[in-house]
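Here are my notes on the two-chain model. Please read them with the coordinates open.

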Amino acid sequence: MLIFEHARPGRRNYSQAPITTASTTDIPENLLRKNKPLLPEVSEMDTVRHYTRLSQKNFSIDTEFYPLGSCTMKYNPRACNSLAMLPQYLSRHPLAPEDTGQGYLACMYELQEILKDVTGMAEITLAPMAGAQGELIGVMMIRAYHKSRGDFERTEIIVPDAAHGTNPATAVMCGFKVVEIPTDKEGNVDLNALKAAVGPKTAGLMLTNPSTLGVFEENVTEMSRVVHEAGGLLYYDGANLNAVLGKVKPGDMGFDVIHINLHKTFSTPHGGGGPGSAPVGVGKRLLPFLPVPSVTLEDGKYRWVTEQDRPQTIGRLSAHMGNAGVLLRAYIYVRLLGRDGMHRIAEFATLNANYLMVELRKLGFEIAYPTRRASHEFIVTMKGIKDKTGVTAMNLAKRLLDKGYHAPTTYFPILVPECLLIEPAETESKQTLDAFVTAMKEILTEIAEQPDMVKNAPHTMPLRKLDDVKAARELDLFWKPDA
Amino acid sequence: MPFIPHTEEDIAEMLASIGADSIETLFDEIPADLKTGQLKKVPVGLSEMEITRLMMERANQDGFYQNFIGAGAYEHHIPAAVWQITTRGEFYSSYTPYQAEASQGTLQLLYEYQTMMASLTGMDVSNASMYDGATALAEAVLMAVRSHKTSRQILIPETVHPAYRKVVRAIVSNQQIEITEIPFDKTTGQVQLSALDAFSNEDIAALVIPQPNFFGVLEQVDELTDWAHKINALAIGVVNPIALALLTPPGEWGEKGADIAVGEGQPLGIPLSSGGPYFGFMACKNSLIRQIPGRIIGRTNDLDGKRGFVLTLQAREQHIRRSKATSNICTNQGLMVTAATIYMSLLGPEGLYRVATHSHANTTSLVQKLTAIPGVEKVFSGPSFHETAIKLPSPIGSVLDKLKQKGILGGFDLQSHYPDMENTLLVCATETKTEADIQHYADQLKQALS
């Protein structure tokens with residue numbers, strides 16, 4: 001049932017809103033609303049019960065293994081949430097004077113310093129509210145940099161074909177033309193194609209490393225040289241930083257600008273699709289263009305850096321300071337981990353991924369890049385199985401749901417046919433991985449013995465397979481009382 | 001090792017299976033010269049007990065204030081159930097509902113949210129959220145330019161939140177879109193039709209209409225919307241969702257209604273928390289649905305014909321369309337929308353209406369008491385919702401400092417964004433303020449000015 005179907009006219013909660021209606025006679029009649037909005041008229045218990053039950057229809061990290069590749073679904077420590085929700089932090093107004101928020105600002109400043117160290121960049125802005133916004137900010141700065149040098153000919157951004165869709169979409173939002181370059185057989189960016197693509201029009205290269213194929217770009221130093229010599233800058237998409245945290249610093253790889261997804265590597269919650277948070281780090285060349293605000297320490301006091309401090313800033317990308325509460329959770333997480341915890345993340349994320357890759361290969365699953373080490377994730381291709389049995393990657397994904405596992409990422413990256421991108425994350429135990437392997441083995445047997453059953457999965461979810469085509473053709477985007 | 005469950009035995013078995021002699025071997029494809037030494041600025045790890053103490057010390061250092069600042073972020077009572085349910089692990093630690101059958105909780109909730117938000121704004125359809133109000137306006141501007149065949153010029157009144165105007169400029173700066181700011185009437189605090197006369201014969205993509213505006217003043221939305229439509233421009237409403245329980249929704253402005261409605265969702269159950277995470281909402285007319293950015297949830301059936309919900313119209317989005325997407329947005333503010341949906345369910349139409357009327361009445365009462373102090377004057381004559389600009393007879397900085405020492409955050413200094421508006425304070429009293437709070441503020445302001 002929908003919440004609206006629990007409603008009865010006139011039913012309401014008496015404790016949560018003012019007990020009376022106040023006067024509004026000084027507002028002109030023509031500006032007043034004539035009809036009540038369609039909000040449910042339900043009791044507090046109806047609401048609590050309804051949304052508790054809805055929550056139970058979700059898979060989540062807290063309830064299931066969730067090896068969704070490229071999303072780094074690691075455990076979200078409870079302390080990060082409860083401490084970020086202390087009432088003083090929650091009640092602080094974003095425009096309250098700086099001297100009433102020194103405790104909060106101290107956390108933000110220290111987070112900036114820690115992220116500088118981890119990424120090897122010169123400065124950090126905490127403002128971006130999601131990975132895609134971090135990318136936008138990064139590419140805007142690349143544009144501002146070339147413009148500041150009077151170099152108006154650089155109109156192209158180079159993006160590997162394995163990149164996240166946000167990379168090309170961002171480059172276009174910044175007014176650039178996208179030049180896509182291919183991947184070689186070993187999963188590295190095709191170096192010759194890169195060399196052929198760069199030139200006086202090259203504004204920059206956007207690279208994810210380890211890539212979305214789950215392998216480390218072995219030629220990253222050479223790629224960096226090629227792009228820089230052509231006069232371009234290097235953008236590091238930090239979506240996969242979890243794989244190399246504390247092991248390699250993007251700054252050392254030659255990158256000029258980087259974004260970090262805190263909701264991946266720094267364990268802030270994914271929340272059913274956000275809020276994210278994606279601090280951006282820059283090298284010295286891009287320093288003047290950083291967006292505002294950020295936090296600085298001056299004479300023992302923390303204060304906001306504003307447009308006055310940074311006259312060449314690309315500007316402001318949120319009404320306030322980005323997703324402040326997410327930043328607080330990330331800060332608590334890094335303090336819990338500490339210096340030694342950082343590189344252990346990369347180590348155990350990599351150990352888990354390589355172990356799972358090897359175990360699945362032993363079962364007979366085809367690994368997309370079998371000669372390579374897995375980073376924190378790897379790709380299984382179902383192409384061979386599909387050709388033989390008709391069972392697709394999506395069918396297998398749905399069957400995994402039946403067995404109590406969230407599916408890996410399906411059909412991304414698009415250059416590997418029938419692919420499953422699997423990322424176990426460091427917080428899963430060997431026992432969980434072994435149980436997952438057992439489930440995959442069972443499914444292999446099922447594919448051989450009863451492929452139609454697998455094709456019609458899921459069978460044990462609250463609903464069976466849903467009709468996407470109907471949803472798009474007969475758009476129904478809101479509930480109607482007579483429906 | 002924090003949050004890593006592996007025992008020594010597990011590690012040994014896993015390495016044996018892989019055929020590697022150490023974990024470090026697994027990094028052998030990374031060139032040796034790139035490998036990092038020590039992290040010098042990262043402090044050593046803390047236990048949960050230690051970090052609890054640290055975070056509590058810092059929280060106590062910041063303390064609590066009686067807050068009369070609004071300016072785009074508003075203190076409202078948040079019912080206890082909102083965040084208790086929202087932070088259930090099944091909502092908190094799930095991701096974008098790519099696997100619909102295992103995400104019906106989030107998907108149905110978002111469908112309910114879209115229903116509530118479309119109705120609250122009076123529009124046909126709502127998306128599943130944007131980052132915040134400011135970026136929602138920027139995306140609305142991009143959307144208007146995409147759907148308008150000939151113009152790339154946008155009119156934005158100076159009465160729109162100053163930070164929103166900055167964000168719009170930053171985000172659309174590289175797309176050859178011309179932003180023209182429209183001055184306001186210094187007496188009423190509203191945009192007058194006469195200020196738009198100069199554009200009557202120009203090709204304009206959209207006019208942005210705030211309601212209430214940044215000064216808390218109510219604009220003449222019907223006339224502005226009709227003006228926009230008369231010159232073939234879209235009307236984009238920027239609205240406060242609490243105010244919508246009381247005020248005419250954008251979908252009913254003028255003869256045809258606004259085309260796009262956006263705003264900051266924070267007042268709907270999201271704590272102030274230093275500015276985020278909040279969420280932006282965006283709703284539009286049916287004719288614009290294929291231009292709207294962000295996630296959209298649609299109703300469908302499963303194989304047995306049972307009702308269910310899925311992400312739909314994904315062909316607009318970056319993961320499918322890549323460089324041809326309507327926007328680069330991927331993650332939105334799902335968890336904030338979860339809170340807002342539960343908030344709207346708990347309040348219902350009547351509760352939300354009462355919150356709105358009390359916010360209005362409390363600010364009216366506050367302004368009456370403050371302007372009774374000699375030398376303190378109301379700045380604008382236009383009607384207002386729950387925020388009002390008042391002018392003080394002495395320098396505002398020291399007055400705000402004195403109030404702060406009494407535990408009161410007295411309001412937002414308008415001169416920081418409007419250089420002409422010397423010693424002018426934007427004050428806000430929502431339903432959370434009692435008569436005693438309001439009297440206390442008035443008493444303290446009187447003292448600070450004497």
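1. Burial in chain B. Of the 450 residues of chain B, 61% count as buried (20 or more other C-beta atoms within 10 Å of a residue's own; exposed means 12 or fewer, partly exposed lies in between, and C-beta atoms are placed from the backbone). This is a predicted model: local features need pLDDT of at least 70, side-chain atom pairs count only at pLDDT 80 or more, and totals for chains, interfaces and linings use all residues. Residues are numbered from 1 along each chain as its sequence is written, while chains are lettered from A and ligands numbered from 1 in the order in which they are written.

2. Overall build of chain B. Chain B has 12 helices and 15 strands. Helices (H or I, at least four residues) and strands (E, at least two) are DSSP runs, numbered from the N terminus. The C-alpha trace of chain B spans about 80 × 55 × 50 Å along its principal axes. Take the contacts in chain B between residues at least 6 apart in sequence: 74% of them join residues at least 24 apart. Two residues are in contact if their C-beta atoms, placed from the backbone, lie within 7 Å.

3. The contact between the chains. Chain B contributes 160 residues and chain A 169 residues. On the side of chain B that touches chain A, helix 10 (residues 334-371) of chain B gives the most, with 22 residues. That side of chain B divides into 77 nonpolar, 55 polar and 28 charged residues. Here Ala, Val, Leu, Ile, Met, Phe, Trp, Tyr, Cys and Pro count as nonpolar, Asp, Glu, Lys and Arg as charged, and the others, Gly among them, as polar.

4. A residue to check in helix 10. Ala356(B) lies in helix 10 of chain B. Is Ala356(B) buried or exposed? Ala356(B) counts as buried because it has 30 C-beta neighbours inside 10 Å. Leaving aside residues up to four places away in sequence, Ala356(B) touches Ile242(B), Ala243(B), Ala245(B) and Leu246(B). Gly407(B) is 51 residues from Ala356(B) along the chain, and their C-alpha atoms are separated by 26 Å.

5. Chain B has an open sheet of 4 strands in the order 11-12-15-14, with antiparallel pairing. Two strands pair if DSSP finds at least two bridges between them. The edge strands are strand 11 (377-378) and strand 14 (412-413) of chain B, each pairing on one side only. Strand 12 (residues 388-391) and strand 15 (residues 424-427) of chain B are antiparallel partners over 4 bridges. Within strand 15 of chain B, Leu426(B) is the bridge partner of Ala389(B). Helix 10 of chain B lies across strand 11, strand 12 and strand 15 of chain B, at about 5° to strand 12 of chain B. Axes are lines fitted to C-alpha atoms, for helices over the stretch in contact, and angles run from 0 to 180 degrees between N-to-C directions.

6. Helix 9 of chain A deserves a look. Helix 9 (residues 324-363) of chain A has 40 residues, yet its end C-alpha atoms are only 45 Å apart, short of the 58 Å that a straight helix would reach at 1.5 Å a residue. The expected span is 1.5 Å times one less than the number of residues. A kink of about 95° in helix 9 of chain A is centred on Gly338(A). The bend at a residue is the angle between axes fitted to the seven residues ending there and the seven starting there. Of the 40 residues of helix 9 of chain A, 33 are buried, so the helix is largely enclosed by the rest of the structure. Gly364(A) follows helix 9 of chain A and has a positive phi, near 110°.

7. Helix 6 of chain B. The 15 residues of helix 6 (residues 133-147) of chain B should span 21 Å at 1.5 Å a residue, and its end C-alpha atoms are 21 Å apart, which agrees. Helix 6 of chain B has 13 of its 15 residues buried, so it is largely enclosed by the rest of the structure.

8. The sheet of chain A. In chain A, 7 strands form an open sheet in the order 1-7-6-5-4-2-3, with mixed pairing. Strand 1 (123-125) and strand 3 (177-181) of chain A stand at the edges with a single partner strand each, so one side of each is left without a neighbour in the sheet. Helix 4 (residues 102-119) of chain A lies across strand 1, strand 6 and strand 7 of chain A, at about 125° to strand 1 of chain A.

9. A hairpin in chain A. Strand 8 (residues 294-298) and strand 9 (residues 301-305) of chain A pair in the antiparallel sense over 5 bridges. Leu297(A) stands opposite Tyr302(A) in strand 9 of chain A. The hairpin of these strands has 2 residues between them, and Asp299(A) takes a positive phi near 50°.
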